[in-house]
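This report describes salt bridges and the places of their partners in the chain. The sequence and structure come before the details.

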Amino acid sequence: MSLFITFEGGEGSGKSVQTEALYRKLCRRDIPAILIREPGSTPLGEKLTRLLKWARATNISPVGELMLFNASRAQLVTDVISPALKSGKVVICDRYADSTVVYQGYGRGLDIGDIKSINSMATGGLKPDLTVLLDISVEEGFARKSGQEYDRFEKEDKAFHQKIRKGYLKLSKEEPERWLIIDASLPKEKIEKIVWQKVSGLLSKRAGR
Ligand code: TMP
(Lines give C-alpha, C1' and ligand atoms only; values in the text may rest on other atoms or scores of the structure.)
Protein backbone atom coordinates (compact mmCIF):
# COMPACT_ATOMS: atom_id res chain seq x y z
CA MET A 1 0.00 0.00 0.00
CA SER A 2 2.45 2.63 -1.16
CA LEU A 3 1.93 6.30 -0.39
CA PHE A 4 4.28 9.21 -1.00
CA ILE A 5 3.96 12.02 1.56
CA THR A 6 6.08 15.16 1.62
CA PHE A 7 6.32 17.91 4.24
CA GLU A 8 7.11 21.50 3.31
CA GLY A 9 7.45 24.79 5.15
CA GLY A 10 9.73 27.67 6.04
CA GLU A 11 12.43 27.72 8.69
CA GLY A 12 11.28 26.62 12.15
CA SER A 13 7.95 25.27 10.90
CA GLY A 14 8.38 21.96 12.77
CA LYS A 15 8.78 19.59 9.83
CA SER A 16 11.23 17.28 11.56
CA VAL A 17 9.03 16.92 14.65
CA GLN A 18 5.97 16.15 12.52
CA THR A 19 7.69 13.78 10.06
CA GLU A 20 9.14 11.81 12.97
CA ALA A 21 5.77 11.67 14.75
CA LEU A 22 4.07 10.34 11.63
CA TYR A 23 6.83 7.80 11.04
CA ARG A 24 6.51 6.52 14.62
CA LYS A 25 2.71 6.21 14.27
CA LEU A 26 3.08 4.11 11.11
CA CYS A 27 5.74 1.88 12.70
CA ARG A 28 3.54 1.30 15.77
CA ARG A 29 0.82 0.05 13.43
CA ASP A 30 3.27 -2.20 11.54
CA ILE A 31 2.78 -0.20 8.35
CA PRO A 32 6.05 -0.41 6.37
CA ALA A 33 7.45 3.10 6.05
CA ILE A 34 10.65 5.06 5.55
CA LEU A 35 11.55 8.57 6.66
CA ILE A 36 13.99 10.57 4.54
CA ARG A 37 14.95 14.19 4.02
CA GLU A 38 16.01 16.54 1.26
CA PRO A 39 18.69 17.39 0.53
CA GLY A 40 20.37 14.21 1.75
CA SER A 41 19.44 10.62 2.57
CA THR A 42 21.93 9.13 0.04
CA PRO A 43 25.76 9.27 0.18
CA LEU A 44 25.76 11.81 -2.69
CA GLY A 45 22.91 13.77 -1.11
CA GLU A 46 24.75 14.05 2.23
CA LYS A 47 27.85 15.44 0.48
CA LEU A 48 25.75 17.96 -1.43
CA THR A 49 23.89 18.96 1.74
CA ARG A 50 27.13 19.94 3.43
CA LEU A 51 27.95 22.13 0.44
CA LEU A 52 24.47 23.61 -0.04
CA LYS A 53 23.79 24.40 3.60
CA TRP A 54 27.20 25.03 5.09
CA ALA A 55 29.66 26.14 2.34
CA ARG A 56 31.32 29.35 3.49
CA ALA A 57 34.22 29.96 1.11
CA THR A 58 32.45 28.42 -1.91
CA ASN A 59 30.18 30.72 -3.89
CA ILE A 60 27.05 28.93 -5.24
CA SER A 61 24.89 30.76 -7.79
CA PRO A 62 21.07 30.35 -7.80
CA VAL A 63 21.30 28.16 -10.94
CA GLY A 64 24.05 26.14 -9.25
CA GLU A 65 21.74 25.64 -6.25
CA LEU A 66 18.93 24.53 -8.54
CA MET A 67 21.16 21.91 -10.16
CA LEU A 68 22.73 20.67 -6.93
CA PHE A 69 19.39 20.23 -5.15
CA ASN A 70 18.15 18.34 -8.17
CA ALA A 71 21.28 16.18 -8.34
CA SER A 72 20.61 15.17 -4.75
CA ARG A 73 16.93 14.58 -5.58
CA ALA A 74 17.58 12.47 -8.70
CA GLN A 75 19.79 10.14 -6.66
CA LEU A 76 17.22 9.93 -3.88
CA VAL A 77 14.36 9.11 -6.24
CA THR A 78 16.37 6.45 -8.09
CA ASP A 79 18.04 4.79 -5.12
CA VAL A 80 15.48 5.18 -2.34
CA ILE A 81 12.03 6.60 -3.11
CA SER A 82 11.06 4.61 -6.21
CA PRO A 83 12.24 1.24 -4.83
CA ALA A 84 10.42 1.88 -1.52
CA LEU A 85 7.17 2.80 -3.29
CA LYS A 86 7.51 -0.24 -5.58
CA SER A 87 7.80 -2.48 -2.53
CA GLY A 88 4.60 -1.01 -1.08
CA LYS A 89 6.04 1.28 1.58
CA VAL A 90 4.84 4.65 2.81
CA VAL A 91 7.56 7.19 2.01
CA ILE A 92 7.72 10.30 4.22
CA CYS A 93 10.04 12.94 2.84
CA ASP A 94 11.03 16.13 4.69
CA ARG A 95 11.12 18.57 1.69
CA TYR A 96 10.97 17.63 -2.00
CA ALA A 97 10.64 19.36 -5.39
CA ASP A 98 8.23 22.04 -4.08
CA SER A 99 11.10 23.38 -1.94
CA THR A 100 13.04 24.15 -5.12
CA VAL A 101 10.09 25.96 -6.72
CA VAL A 102 9.72 28.07 -3.59
CA TYR A 103 13.36 28.69 -2.51
CA GLN A 104 15.09 28.91 -5.91
CA GLY A 105 12.00 30.29 -7.70
CA TYR A 106 10.11 32.63 -5.36
CA GLY A 107 13.17 33.16 -3.13
CA ARG A 108 16.11 33.45 -5.55
CA GLY A 109 14.03 34.66 -8.51
CA LEU A 110 14.69 31.89 -11.06
CA ASP A 111 12.01 31.17 -13.67
CA ILE A 112 9.33 28.91 -12.17
CA GLY A 113 8.63 27.13 -15.48
CA ASP A 114 12.33 26.27 -15.91
CA ILE A 115 12.50 24.98 -12.34
CA LYS A 116 9.45 22.76 -12.81
CA SER A 117 11.00 21.24 -15.97
CA ILE A 118 14.29 20.48 -14.23
CA ASN A 119 12.48 19.13 -11.15
CA SER A 120 10.48 16.87 -13.40
CA MET A 121 13.62 15.57 -15.09
CA ALA A 122 15.21 14.82 -11.70
CA THR A 123 12.13 13.06 -10.32
CA GLY A 124 11.10 11.27 -13.51
CA GLY A 125 7.75 13.02 -12.99
CA LEU A 126 7.18 11.39 -9.58
CA LYS A 127 4.81 13.56 -7.55
CA PRO A 128 3.72 13.18 -3.92
CA ASP A 129 0.24 11.83 -3.15
CA LEU A 130 0.04 14.30 -0.29
CA THR A 131 2.05 17.38 0.64
CA VAL A 132 1.67 18.83 4.12
CA LEU A 133 2.46 22.54 4.34
CA LEU A 134 3.34 23.70 7.84
CA ASP A 135 2.63 27.40 7.55
CA ILE A 136 4.21 29.73 10.08
CA SER A 137 5.10 33.43 10.23
CA VAL A 138 8.76 34.27 9.70
CA GLU A 139 8.98 35.78 13.19
CA GLU A 140 7.56 32.74 14.96
CA GLY A 141 9.63 30.28 12.89
CA PHE A 142 12.88 32.07 13.71
CA ALA A 143 11.96 32.49 17.38
CA ARG A 144 12.01 28.67 17.55
CA LYS A 145 15.56 28.66 16.14
CA SER A 146 17.12 31.09 18.58
CA GLY A 147 20.52 29.96 19.82
CA GLN A 148 21.12 27.65 16.84
CA GLU A 149 23.82 28.17 14.21
CA TYR A 150 22.28 29.45 10.95
CA ASP A 151 22.94 27.74 7.59
CA ARG A 152 23.24 29.57 4.21
CA PHE A 153 19.46 29.82 3.85
CA GLU A 154 18.64 30.75 7.42
CA LYS A 155 21.18 33.58 7.10
CA GLU A 156 19.08 35.24 4.35
CA ASP A 157 17.15 38.37 5.34
CA LYS A 158 13.54 38.62 6.48
CA ALA A 159 12.32 39.70 3.02
CA PHE A 160 13.68 36.45 1.54
CA HIS A 161 11.85 34.37 4.13
CA GLN A 162 8.62 36.34 3.59
CA LYS A 163 8.87 35.40 -0.10
CA ILE A 164 9.24 31.75 0.90
CA ARG A 165 6.09 31.86 3.01
CA LYS A 166 4.08 33.62 0.29
CA GLY A 167 5.50 31.28 -2.36
CA TYR A 168 4.31 28.20 -0.48
CA LEU A 169 0.83 29.61 -0.02
CA LYS A 170 0.64 30.48 -3.73
CA LEU A 171 1.98 27.12 -4.91
CA SER A 172 -0.34 25.14 -2.64
CA LYS A 173 -3.36 26.89 -4.17
CA GLU A 174 -2.40 25.64 -7.64
CA GLU A 175 -3.03 22.01 -6.62
CA PRO A 176 -5.35 22.14 -3.60
CA GLU A 177 -6.17 18.42 -3.82
CA ARG A 178 -2.52 17.50 -3.15
CA TRP A 179 -1.80 20.00 -0.35
CA LEU A 180 -2.89 19.97 3.28
CA ILE A 181 -2.20 23.40 4.77
CA ILE A 182 -1.80 23.47 8.55
CA ASP A 183 -1.31 26.42 10.87
CA ALA A 184 2.08 25.46 12.34
CA SER A 185 1.59 27.72 15.37
CA LEU A 186 -0.92 25.17 16.72
CA PRO A 187 0.26 22.82 19.51
CA LYS A 188 2.31 19.98 18.05
CA GLU A 189 -0.08 17.28 19.30
CA LYS A 190 -2.96 18.99 17.49
CA ILE A 191 -0.91 19.12 14.25
CA GLU A 192 -0.06 15.41 14.64
CA LYS A 193 -3.79 14.64 14.87
CA ILE A 194 -4.66 16.65 11.75
CA VAL A 195 -1.89 14.91 9.78
CA TRP A 196 -2.91 11.48 11.02
CA GLN A 197 -6.56 12.03 10.17
CA LYS A 198 -5.58 12.81 6.57
CA VAL A 199 -2.98 10.03 6.21
CA SER A 200 -5.14 7.33 7.78
CA GLY A 201 -7.98 8.38 5.47
CA LEU A 202 -5.73 7.99 2.43
CA LEU A 203 -4.46 4.62 3.65
CA SER A 204 -8.00 3.31 4.22
CA LYS A 205 -9.02 4.47 0.75
CA ARG A 206 -6.07 2.61 -0.79
CA ALA A 207 -6.79 -0.51 1.25
CA GLY A 208 -10.38 -0.50 0.01
CA ARG A 209 -9.46 -0.24 -3.66
P1 TMP B 1 16.16 22.20 6.33
O2 TMP B 1 15.46 21.06 5.70
O3 TMP B 1 16.90 21.92 7.57
O4 TMP B 1 15.24 23.36 6.46
O5 TMP B 1 17.36 22.67 5.36
C6 TMP B 1 17.28 22.66 4.01
C7 TMP B 1 17.50 24.07 3.47
O8 TMP B 1 17.66 23.98 2.06
C9 TMP B 1 16.27 24.95 3.71
O10 TMP B 1 16.69 26.24 4.05
C11 TMP B 1 15.60 25.00 2.37
C12 TMP B 1 16.72 24.77 1.39
N13 TMP B 1 16.29 24.08 0.16
C14 TMP B 1 16.28 24.78 -1.03
O15 TMP B 1 16.63 25.95 -1.07
N16 TMP B 1 15.89 24.12 -2.16
C17 TMP B 1 15.53 22.80 -2.16
O18 TMP B 1 15.19 22.24 -3.20
C19 TMP B 1 15.56 22.08 -0.90
C20 TMP B 1 15.19 20.64 -0.84
C21 TMP B 1 15.94 22.77 0.24
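Glu192 and Lys25 are joined through their side chains by a salt bridge, at 3.5 Å from N to O; the term stands for a side-chain nitrogen of Lys or Arg within 4 Å of a carboxyl oxygen of Asp or Glu. Since Glu192 belongs to helix 8 (residues 188–207) and Lys25 to helix 1 (residues 15–28), the pair ties together parts that are 167 residues apart in sequence. Helices (H or I, at least four residues) and strands (E, at least two) are DSSP runs, numbered from the N terminus.

Glu192 is partly exposed, its relative accessible area being 21%, while Lys25 is buried at 13%. Buried means under 20% relative accessible area, exposed over 50%, and partly exposed in between (1.4 Å probe, protein chains only).

## Basis of the values

The model is predicted: local features need pLDDT of at least 70, side-chain atom pairs count only at pLDDT 80 or more, and totals for chains, interfaces and linings use all residues. Residues are numbered from 1 along each chain as its sequence is written, and side-chain values use heavy atoms, with hydrogens and water left out.

In the salt bridge of Arg73 with Glu38, the closest N and O atoms are 2.7 Å apart. This pair links distant parts of the chain, 35 residues apart: Arg73 is in helix 3 (residues 62–86), and Glu38 is in the loop between strand 2 (33–37) and helix 2 (43–54). Arg73 and Glu38 are both buried.

Arg178 and Glu175 form a salt bridge through their side chains, at 2.9 Å from N to O. Both Arg178 and Glu175 are buried.

The structure has 19 salt bridges.
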